[in-house]
Amino acid sequence: MAINLRELALKGEKLTSGHRLCAGCGASIIVRMVLNAAEQPVVVANATGCLEVATTIFPYTAWNVPWIHSAFENSAATISGVEAAYRAFKKKGKIQEDIRFISFSGDGGTYDIGLQALSGAIERGHRALFICYNNEAYMNTGIQRSGATPRGAFTTTSPAGSVIPGKPQKRKNLTEMMVANGAKYVAQASPSHWRDLMEKVRKALNTDGPSFINIYSTCPRGWRTPDNSAINMARLAVETGVWHLYEVEDGKYKINYKPAKGFKPVEEYLKVQGRFAHLLRPENAEILEEFKKDLQREWEHLLRMEEATNK
Amino acid sequence: MKVKGRKIAIEGNEAAALALKQVNPDVVAAYPITPSTEVVQKFSEYVANGEVTTEFVPVESEHSAMSACIGASAAGARVATSTASQGLALMWEMLYIASSMRLPIVMTVANRALSAPINIHGDHSDAMGARDAGWIQIFSENVQEIYDNIFQAFRIAEHPDVRLPVMVGYDGFITSHSEEILELLEDEEVKRFIGEYKPKFSLLDINNPITMGPLALFDSYFEFKVAQAYAIENSLPIIKKVGKEFGDLTGRYYDVIEKYYTDDADYIVVAMSSTCGTARVVVDELREKGEKVGLLKIRVFRPFPLEDVVDALKNAKVVGVLDRSMVPGSFAGPLYHEITSGMYHLEKRPVFQPYVYGLGGRDITTEHIKGVFEELKEIEKAGKPKGLKYIGVRE
């Protein structure tokens, strides 16, 4: 189980260079980490989105593993079918290899349009890892709000105007929905904490049942951040308590990052991103306060759950 | 060698389920919907009792049913599903993806009306909504044909030169719930007829990774679509060949159309599915009186068997085209459009009269069809058609 960097370095690239994702995009870093962590051969389904379009412009493909994309909202249903075929062949002795199944979707393809298919796939118990690479908006179509967009953030469908300063609603808590939905292994991860992320992927892939990992993914275009800031931004999200690292195994919570001296001020995270620039203006102090309360509530919930499930 | 099969009495949906049981697909992913529910229900029983080795995926929607079928088929599995009406409409997006990815999925459709108003009974609106999705569409007249068409559908879909999904339609509640005599094939005969499925590509071939469903822009998308169009066009002779082979096995021969007294007929009615049974009775009756009437049954609507249709209709004086779906805002139904535009270039062609009938399960009787033949005669005298007529509606 333990991650050995030397061994990882010897494994071949499963997502090759030359794809057309933006410089500084979190998605490709995440996919490389995920595929590198897998100990077994994998088959991947991908929802429509940045990752899908930028890695498979015909006649090229960056994927060095079997890969399928069918539509935006159904990568979970598509991988369900692939996994069912695998089970059928396994039962009939037509296939010998031990294969794992991964679905990649952005926050649009999981939090919103893909939620039904994801929920159904988890309820049915398909042995697959469902990954959300979560950059908190629909980046592929030009930065529109999603259910994952945090309160107050600027997007092109929740612009910071003179009457409404950014998205009025808080972000949906998809990770907790997946716990409630009955996924056997659920986690939140960040590429800044690569070892934690890769260990979670291994655990998920070795879980005999459906697993879900929500991975924080930076988007320089949508967040209005420099191209070279991906990992630093992801780390800042963890250190300021904007993105909590935790895992839930068979209902048992474990928080993986608890700063001894408390979280850094959230302003440190907000001030380096164009999408939150307006939140730091005095007239928007109220929204900023709500934003902080959202995070505090999520954190306190986690602490309570950890305590309650580990008694 | 013709097989004389054992006979049983069975409902249409059960016959569909029974055929699927004998095929024993690798994966069936489905979501129940009236009037096709019994197909999935019965099939679940087979799964529960170990009568099939199929992996059954009871999905949470028809959209996911087709998505899972796509995933399973892309993984190299033999795959089937079943739906109707709103369910088929919910699959719409995925139907295009299944055919564009050249996946040989077989789907039974108990054809039913579309909302609103909600109506659970039979018409062809659902299938006609899926008309342009690149699927092969076969329509079944009775319970025996549902059963027979399903076996042929697997052969056609999985043929290396076709590799396209096939929809086997039958009239909701009319055929789906009719109990009729069915001549069975033995499991071994089915196995021999459909053979083993050897997919060209599989996602589970981990040593030869493939990318399925990439992004293709203006420099390549068009070629993909044209290749797909050629594939469905080229399936026509294969559908005929499979129908003949099925006939050699069972004595029940199938072609893409069925001509009934059309060769010397002055007046021909064109129809699909169960209505053909009703029309055949009328043709028999009128023929006995010496009237030169005929019936053209369209069994395969996609690909549209234009040459066969032209050949069957070209010498008629007046043709009545019966559409069991409507196209609001147009002047006739889809079958009428298909046939008339296909025959437009002919110098000598019949006069065509469009009808829409039977929406939402409204009955079509032998009297109605007799009325149609009467009207075709009047039209001949008048020399021109009457514009779209609705059969059996209170206007």
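Reply: Start with the residue classes. Ala, Val, Leu, Ile, Met, Phe, Trp, Tyr, Cys and Pro count as nonpolar, and Asp, Glu, Lys and Arg as charged. The others count as polar, Gly among them. Keep in mind that this is a predicted model.

Me: Why is a space called a cavity or a pocket?

Reply: The test is escape. A 1.4 Å probe fits in a cavity but cannot get out, whereas a pocket is an open set. The largest pocket has a volume of about 1,000 Å³. It is lined by 36 residues, and S100(B), M101(B), G213(B), P214(B) and F224(B) are the closest to its centre.

Me: Which elements build the lining of the largest pocket?

Reply: In chain B, α3 (62-74), α5 (92-100), β9 (211-212) and α9 (221-233) each supply at least two residues. The largest share comes from α9(B), with six residues. The lining of this pocket divides into 20 nonpolar, nine polar and seven charged residues.

Me: What does the lining of the second largest pocket look like by class?

Reply: It has ten nonpolar, six polar and eleven charged residues. The pocket holds about 620 Å³ of space. Of its 27 lining residues, K92(A), K94(A), D26(B), E196(B) and Y197(B) lie nearest the centre. From chain B, α1 (12-23) and α8 (187-194) each supply at least two residues of the lining.

Me: Why is S64(B) called buried?

Reply: Set the value against the cut-off. Buried means under 20% relative accessible area. S64(B) has 2%, so S64(B) is buried. This residue lies in helix α3 of chain B. Leaving out residues up to four places away in sequence, S64(B) touches A77(A), A117(A) and V59(B).

Me: How do you know that the radius of gyration of chain B agrees with a compact globule?

Reply: The rule is 2.2 Å times the number of residues to the power 0.38. For 395 residues that gives a value near 21 Å, and chain B has 21 Å, so the two agree. The C-alpha trace of chain B spans about 70 × 55 × 45 Å along its principal axes.

Me: What else describes chain B as a whole?

Reply: Chain B has 14 helices and 16 strands. Of its 395 residues, 59% count as buried. Among its contacts with a separation of 6 or more, 80% join residues 24 or more positions apart. The accessible surface of chain B is about 15,800 Å², with 53% belonging to carbon and sulfur atoms.

Technical notes:
Residues are numbered from 1 along each chain as its sequence is written. Chains are lettered from A and ligands numbered from 1 in the order in which they are written. This is a predicted model: local features need pLDDT of at least 70, side-chain atom pairs count only at pLDDT 80 or more; totals for chains, interfaces and linings use all residues. Side-chain values use heavy atoms; hydrogens and water are left out. On a 1 Å grid over the protein atoms alone, a cavity is a set of points where a 1.4 Å probe fits but cannot get out, and a pocket is an open set with protein on both sides within 12 Å along at least five of seven lines; lining residues have an atom within 4 Å of a point. Grid points are joined across faces, edges and corners, and a volume is the space filled by probe spheres set on the points. Helices (H or I, at least four residues) and strands (E, at least two) are DSSP runs, numbered from the N terminus. Buried means under 20% relative accessible area, exposed over 50%, partly exposed in between (1.4 Å probe, protein chains only). Contact means heavy atoms within 4.5 Å. Accessible areas come from the Shrake-Rupley method with a 1.4 Å probe; for residues, only the protein chains shown count as cover.
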